[in-house]
Amino acid sequence: MFVDELTVKLMAGSGGDGCTSFRREKFVPMGGPDGGNGGRGASIIFKVDKNLKTLVDLSYKKIIKAPKGENGKGSNKYGKNAEDVIICVPEGTTIIDLENNEVIADLINDKEEFVVARGGRGGKGNKSFATHDVPAPKFSEKGEPGEEIQVRLELKVLADVGLVGKSTLLSVISASKPKIAAYHFTTLNPNLGMVKLKNGKSFVMADLPGLIKGASDGVGLGVEFLKHAMRTRIIAHVVDMGSSEGRNPIEDYKIIRNEIEKYSELLKNKK
């Protein structure tokens with residue numbers, strides 16, 4: 001199943017609490033403070049995995065919660081830092097803060113990482129608060145809460161060439177097998193195919209959801225197509241010259257060009 005957009009709440013881990021503790025030694029005031037600091041809470045990190053092609057694995061998760069840092073202990077024992085949570089996403093994933101609709105990160109390179117929700121700092125134990133004037137503090141510090149944020153993930157497929165039109169071309173020059181029907185605009189999801197040339201080189205081609213008139217205004221699947229087309233290096237128009245179904249190939253091309261130009265200046269100027 002192809003999923004290219006979803007919303008998820010992220011809750012980074014809180015820091016562990018500092019410890020209030022005292023040594024039990026003769027002639028040492030109050031036994032001497034020996035409470036350790038708490039550990040850092042886990043952060044939530046998004047990492048690009050080039051082998052992924054969809055966000056489907058995340059579509060079942062409404063909330064992702066990272067673990068809390070370990071509390072500090074007596075005898076100057078510090079709590080362990082919690083292990084960060086790594087969320088793998090496909091190349092071309094954009095992370096948007098839902099509160100202000102701002103782009104937090106645009107992840108396009110394999111193994112690229114970005115900390116989206118940072119874990120809280122661990123609280124200090126009473127040992128850390130000892131001073132010359134207060135040699136035996138009776139207090140420690142709570143761990144800081146982790147960051148919480150609700151984000152929207154948008155996947156825009158990365159390809160060298162984006163095909164506009166029928167899926168047939170991709171199926172015969174690559175191993176990709178998109179669903180094909182004998183009528184226009186049947187592609188419901190982007191399909192990626194690796195095209196290998198005789199000289200040993202290769203490039204990625206994407207067959208993208210079809211356009212209809214009014215697509216830039218949200219009609220049909222047009223906006224979905226246009227979103228993915230933004231990532232392609234060039235656009236290849238596949239025009240059915242057979243005039244099947246009484247269609248005019250020149251008019252079909254003009255409609256698509258018009259929707260592209262209305263949607264984005266950047267898309268309009270792509271080769």
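Trainee: Which residues of helix α3 are buried?
Mentor: This is a predicted model, in which local features need pLDDT of at least 70 and side-chain atom pairs count only at pLDDT 80 or more, while totals for chains, interfaces and linings use all residues. Residues are numbered from 1 along each chain as its sequence is written, and side-chain values use heavy atoms, with hydrogens and water left out. Helices (H or I, at least four residues) and strands (E, at least two) are DSSP runs numbered from the N terminus, and buried means under 20% relative accessible area, exposed over 50%, partly exposed in between (1.4 Å probe, protein chains only). In α3 the buried residues are P249, D252, I256, R257, E259 and I260.

Trainee: Are the buried residues of α3 on the same side or on opposite sides?
Mentor: The buried set of α3 includes D252 and I256.

Trainee: Which residue caps the N-terminal end of α3?
Mentor: Look for a polar contact, a pair of N or O atoms within 3.5 Å; within protein, one must be able to donate a hydrogen and the other to accept it, and residues adjacent in sequence count only if both atoms are side-chain atoms. Here a side-chain oxygen lies 2.9 Å from the backbone nitrogen of I250. The capping residue is N248.

Trainee: How far is the backbone nitrogen of V56 from a polar atom of the T54 side chain?
Mentor: T54 sits in the loop between β2 and β3, and T54 is buried, with a relative accessible area of 19%. From a polar atom of its side chain to the backbone nitrogen of V56 is 3.2 Å.

Trainee: In β7, which residue is the bridge partner of I44?
Mentor: Strand β2 (residues 44–48) pairs with β7 in the antiparallel sense over four bridges. The partner of I44 in β7 is A117.

Trainee: Which residue in β11 stands opposite M194?
Mentor: Strands β10 (residues 191–196) and β11 (residues 202–207) run antiparallel and are joined by six bridges. They form a hairpin with five residues between them, and G200 in the turn has a positive phi of about 95 degrees. Opposite M194 stands V204.

Trainee: How many residues apart in sequence are the parts that the pair of F129 and F139 ties together?
Mentor: Rings of Phe, Tyr and Trp (its six-membered ring) pair if their centres lie within 6.5 Å; planes under 30 degrees apart count as stacked, over 60 as edge-to-face and the rest as tilted. By this rule there is one aromatic pair. F129 and F139 are tilted, at 5.0 Å centre to centre and 50 degrees between the planes. Both lie in the loop between β7 (113–117) and β8 (148–155), so the parts tied together are apart in sequence by ten residues.

Definitions and conventions
Pairing = 2+ DSSP bridges.
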